[in-house]
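Keep the structure open while you read.

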Amino acid sequence: MAFTDPRHLTLLWFRDDLRVSDHGALSAARADGDVVAIWVREVRDEESRGPRPLGAAARWWVHESLTVLERELDSLGIPLLVAAGRAAEIIPAAAADLGAGTVRWSRRYAPASRALDEVVTDALGENGIAVEASPGALLVEPWQVEPSSASAYYKVFTPFWNAAREVPVASPLPIPPAQTLDSDTAARIEQVRESDSHLVATIDDLALLSPAGPAGGDSSTEGSRTSPFPWWKDTIAGHWTPGCVTAEEEVDDLGARVDGYAEDRDIPADRDGTSRLSPRLRFGEVSPRQLLAAVTALTDVGASDREAWVRQLYWREFAWHLTFHVPDLDRRPMRPEFAEFPYEDDPEALAAWQQGRTGIALVDAGMRQLWQTGWMHNRVRMVTASLLTKNLLLPWQSGEQWFWDTLVDADEANNPVSWQWVAGCGADASPFFRVFNPERQRARFDPERVYVTRWLKESGPRLDGPVGEGDPIVDLGESRQAALAAYDAMKSAQTAD
């Protein structure tokens with residue numbers, strides 16, 4: 001079925017932008033006329049086009065955040081449709097059934113997602129439906145900064161940072177005005193809800209909280225975690241309140257988190273040492289533009305704290321710019337010689353690392369914090385990643401996938417780019433010979449053992465092995481030498497070729 005209506009109707013496709021303020025696509029859609037929103041639990045097509053399937057912790061977050069977004073949209077008179085399956089089929093069908101003249105969305109940057117959006121755009125164009133993409137996920141678009149050298153993109157952060165921060169950033173947009181749908185449009189939407197086979201009735205029907213695959217979709221590429229639903233209620237749910245409403249409240253309190261940030265951000269036991277806004281950014285509950293405006297407006301924080309905090313915003317930008325230019329960052333090293341690095345195959349060591357049973361206090365505490373909260377302090381992330389890739393000599397892709405599945409803030413850019421940085425195989429990567437010594441890191445950043453004591457006591461309900469510190473599964477000194485020897489062997493093999 002297809003409808004026509006003299007009032008312009010826009011189908012607004014929400015993705016990783018689960019907010020109503022500073023939402024360029026939403027504001028533009030309301031300026032055009034009436035709006036119907038849709039969110040799709042996407043699965044990739046046969047050519048692997050589309051976003052990377054959500055990890056388990058992220059699925060919980062999205063479920064909760066969508067519930068909040070639905071209420072916020074309802075307060076604006078905007079209905080939210082939900083669906084699961086292939087967006088290249090769902091979006092054109094929904095737009096045609098609704099009689100929408102335009103489909104709008106916030107721009108995506110990962111190559112596989114851009115490829116999918118091109119397919120959707122072509123399908124909509126064949127039906128005479130216009131497509132408009134808006135910025136909103138980044139401060140600086142990837143094509144707005146290019147190095148003066150022959151390279152197509154920046155591969156080192158500092159020159160990127162120096163260039164990107166010179167690009168003007170517009171002020172955040174307000175929440176658009178509410179709408180009142182006429183009776184014919186409202187009836188049409190309800191008819192589509194009931195008749196469109198792609199749609200599901202409620203957010204619960206998306207099955208985001210189930211270890212099973214999405215309704216109407218293929219679960220074969222979902223995250224690897226298969227814990228049953230009570231795991232969410234027992235652990236992660238006790239540490240977070242997802243949704244754009246809480247996100248804006250946290251932005252209002254940003255000053256307390258930025259003050260002292262330059263020093264405190266490396267102290268894992270300091271709960272206020274970082275803003276913990278990373279999952280808010282990951283799902284677009286707040287925009288980077290809102291955060292930049294908020295931190296710029298702070299008058300009672302030091303310049304060094306402000307710059308250190310803003311620099312982290314631009315590291316996120318750097319990761320997305322790399323992702324825009326480089327496909328398959330979650331699988332392929334940016335430095336191609338690392339494709340031949342002699343990693344080990346040791347499932348038992350990997351399991352001990354995942355479960356916080358390495359016998360190394362800071363690493364085990366971090367992995368248990370991750371299991372309990374879906375989040376880990378950034379300093380500890382670097383230490384745990386270094387241990388996996390350099391002391392245990394296990395592939396960085398194994399660690400990246402585990403973080404993808406268990407972090408609430410893992411996105412397609414920051415997660416693999418950060419793992420490649422630690423492993424020494426990415427852009428502007430940490431030199432391979434920089435092997436974080438977890439005992440020295442613990443002595444420096446957790447000298448009173450506050451962090452490790454807390455998280456070694458708070459074992460997850462399904463962690464195997466004893467709680468606390470046992471014998472280390474690896475000798476830190478010997479394994480460092482083994483890692484350097486493996487690196488030298490890789491370089492020698494490259495030279496010989």
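Two terms come first. A pocket is an open set of grid points with protein on both sides within 12 Å along at least five of seven lines, and its lining residues have an atom within 4 Å of a point. The domain bounds come from an automatic or database domain assignment. The model is predicted. With those terms, the lining of the largest pocket draws at least three residues from each of domain 2 (138–170 + 246–325) and domain 3 (336–488).

**Largest pocket**

- The largest pocket holds about 1,200 Å³ of space.
- Its lining is made of 38 residues. Nearest the centre are Gln312, Trp315, Asn378, Asn414 and Ser418.
- Five elements are named as giving two or more residues to this lining: α5 (157–164), α11 (278–282), α13 (303–325), α16 (378–391) and α18 (414–423).
- By class, the lining of the largest pocket has 18 nonpolar, 9 polar and 11 charged residues.

**Second largest pocket**

- The volume of the second largest pocket is about 410 Å³.
- It is lined by 23 residues. His239, Arg271, Arg276, Gln369 and Arg454 are the closest to its centre.
- Two or more lining residues come from each of α8 (244–252), α15 (361–373) and α20 (450–457). The most come from α20, with 4 residues.
- The lining of the second largest pocket divides into 7 nonpolar, 9 polar and 7 charged residues.
- Domain 2 (138–170 + 246–325) and domain 3 (336–488) each give at least three residues to the lining of the second largest pocket.

**Cavities**

- How many cavities of 30 Å³ or more does the structure hold? There are 4.
- The largest cavity has a volume of about 320 Å³. Of its 24 lining residues, Asp16, Arg107, Arg108, Ala137 and Trp320 are the closest to the centre.
- α11 and α13 each supply at least two residues of the lining of the largest cavity. Both helices are also named for the largest pocket, where each gives two or more lining residues.
- The lining of the largest cavity splits into 10 nonpolar, 4 polar and 10 charged residues.
- The second largest cavity has a volume of about 260 Å³. Its lining counts 20 residues, with Asp16, Trp39, Glu42, Pro51 and Leu54 nearest the centre.
- Asp16 is listed among the residues closest to the centre of the largest cavity, and among those nearest the centre of the second largest cavity.
- β2 (34–42) and α2 (56–75) each give at least two residues to the lining of the second largest cavity. β2 gives the most, with 4 residues.
- The lining of the second largest cavity has 10 nonpolar and 10 charged residues, but no polar ones.

**Helix α19**

- Which residues of helix α19 (residues 438–445) are buried? They are Pro438, Gln441, Arg442 and Phe445.
- Why do these residues share a side of α19? They lie on the same side because they cover an arc of only 100° around the axis.
- An α-helix has 3.6 residues a turn, so residues three or four places apart point the same way.
- Arg440 and Arg444 are exposed on the other side of α19.
- The N-terminal end of α19 is capped by Asn437. A side-chain oxygen of Asn437 lies 3.0 Å from the backbone nitrogen of Glu439.

**Single residues**

- Thr406 belongs to helix α17 (residues 396–406). Its relative accessible area is 1%, so Thr406 is buried.
- The side chain of Thr406 reaches the backbone oxygen of Trp402 at 2.6 Å.
- Val452 sits in helix α20. Val452 counts as buried because its relative accessibility is 1%.
- Val452 and Gly366 are 86 residues apart in sequence, yet their C-alpha atoms are 7.8 Å apart in space.
- Arg165 is in the loop between α5 and α6 (183–195). Is Arg165 buried or partly exposed? Arg165 is partly exposed, with a relative accessible area of 37%.
- Arg165 and Val145 are 20 residues apart in sequence and 9.8 Å apart in space, C-alpha to C-alpha.

Key
Residues are numbered from 1 along each chain as its sequence is written. This is a predicted model: local features need pLDDT of at least 70, side-chain atom pairs count only at pLDDT 80 or more; totals for chains, interfaces and linings use all residues. Side-chain values use heavy atoms; hydrogens and water are left out. On a 1 Å grid over the protein atoms alone, a cavity is a set of points where a 1.4 Å probe fits but cannot get out, and a pocket is an open set with protein on both sides within 12 Å along at least five of seven lines; lining residues have an atom within 4 Å of a point. Grid points are joined across faces, edges and corners, and a volume is the space filled by probe spheres set on the points. Ala, Val, Leu, Ile, Met, Phe, Trp, Tyr, Cys and Pro count as nonpolar, Asp, Glu, Lys and Arg as charged, and the others, Gly among them, as polar. Buried means under 20% relative accessible area, exposed over 50%, partly exposed in between (1.4 Å probe, protein chains only). The arc is that of the directions from the helix axis to the C-beta atoms. A polar contact is a pair of N or O atoms within 3.5 Å; within protein, one must be able to donate a hydrogen and the other to accept it, and residues adjacent in sequence count only if both atoms are side-chain atoms.
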